[in-house]
There are 2 protein chains.
Amino acid sequence: MYIVLVYDVGEKRVGKMLKLCRQYLNWIQNSVFEGEISEVKLKELKAKASLIMDQDTDSLIIFKSREQRWLDKEVIGLTKNDTDHFL
Amino acid sequence: MYIVLVYDVGEKRVGKMLKLCRQYLNWIQNSVFEGEISEVKLKELKAKASLIMDQDTDSLIIFKSREQRWLDKEVIGLTKNDTDHFL
């Protein structure tokens, strides 16, 4: 499954969320990630994210598409190259 | 067409981008919008956004899906209700 994940968390939790999400997905913008992920891995990611988040103030949105080709991506301006992800 | 739009712009331009995007889409998170939009309206939105953005530092990513049902959305934590959008 292909997903786009965006989070909005308090400043104190940004570092932890970033580190967590980069373990599972590609970082494409400030708080935006995308990538192929299995149901099991996504469940794991959501569970870990929930532990970091303050459920009253933070937000995590996941858009899921069964196939990546069903979702076109267009970038205007700066493109983030998350090459570190593969190290 | 159904789109998800995320931007990352300098603090000085956040207000303008927010105002612009809310004219076309529903605000669902800090810098994340979604909604049905026509090709013509999207072209208009992109042109206006480009005028606001600093192309060297700012970023705008648009995910397009031909049909909304091809994209599942899951929200964890806080949900933003953009009721103002309909006023």
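Which strands does helix α2 of chain A lie across, and at what angle does α2 run to β4(A)? In this model, which is a predicted one, helix α2 of chain A, residues 39-52, lies across β1 and β4 of chain A together with β5 of chain B, and runs at about 170° to β4(A).

Let me turn to the sheet itself. It is an open sheet of five strands, paired antiparallel, and reading across it the order is β2(A)-β3(A)-β1(A)-β4(A)-β5(B). The edges, where a strand pairs on one side only, are taken by β2 of chain A, residues 26-29, and by β5 of chain B, residues 71-77. From one strand to the next the twist averages 20°. Helix α1 of chain A, residues 11-22, also packs on this sheet, where α1 touches β1, β2, β3 and β4 of chain A, and its direction makes about 175° with that of β1(A).

Now to the helices of chain B. The axes of α1(B), residues 11-22, and α2(B), residues 39-52, come within 10 Å and cross at roughly 170°; because angles over 145 degrees count as roughly antiparallel, that is how the pair α1(B) and α2(B) is described. On the α1(B) side the contact is made by Arg13(B), Lys16(B), Met17(B), Leu20(B) and Cys21(B), which meet Leu45(B), Lys48(B), Ala49(B) and Ile52(B) of α2(B).

Key: Residues are numbered from 1 along each chain as its sequence is written. Chains are lettered from A and ligands numbered from 1 in the order in which they are written. This is a predicted model: local features need pLDDT of at least 70, side-chain atom pairs count only at pLDDT 80 or more; totals for chains, interfaces and linings use all residues. Side-chain values use heavy atoms; hydrogens and water are left out. Two strands pair if DSSP finds at least two bridges between them. Helices (H or I, at least four residues) and strands (E, at least two) are DSSP runs, numbered from the N terminus. Axes are lines fitted to C-alpha atoms, for helices over the stretch in contact, and angles run from 0 to 180 degrees between N-to-C directions. Contact means heavy atoms within 4.5 Å. Angles under 35 degrees count as roughly parallel, over 145 as roughly antiparallel, 65 to 115 as roughly perpendicular and the rest as oblique.
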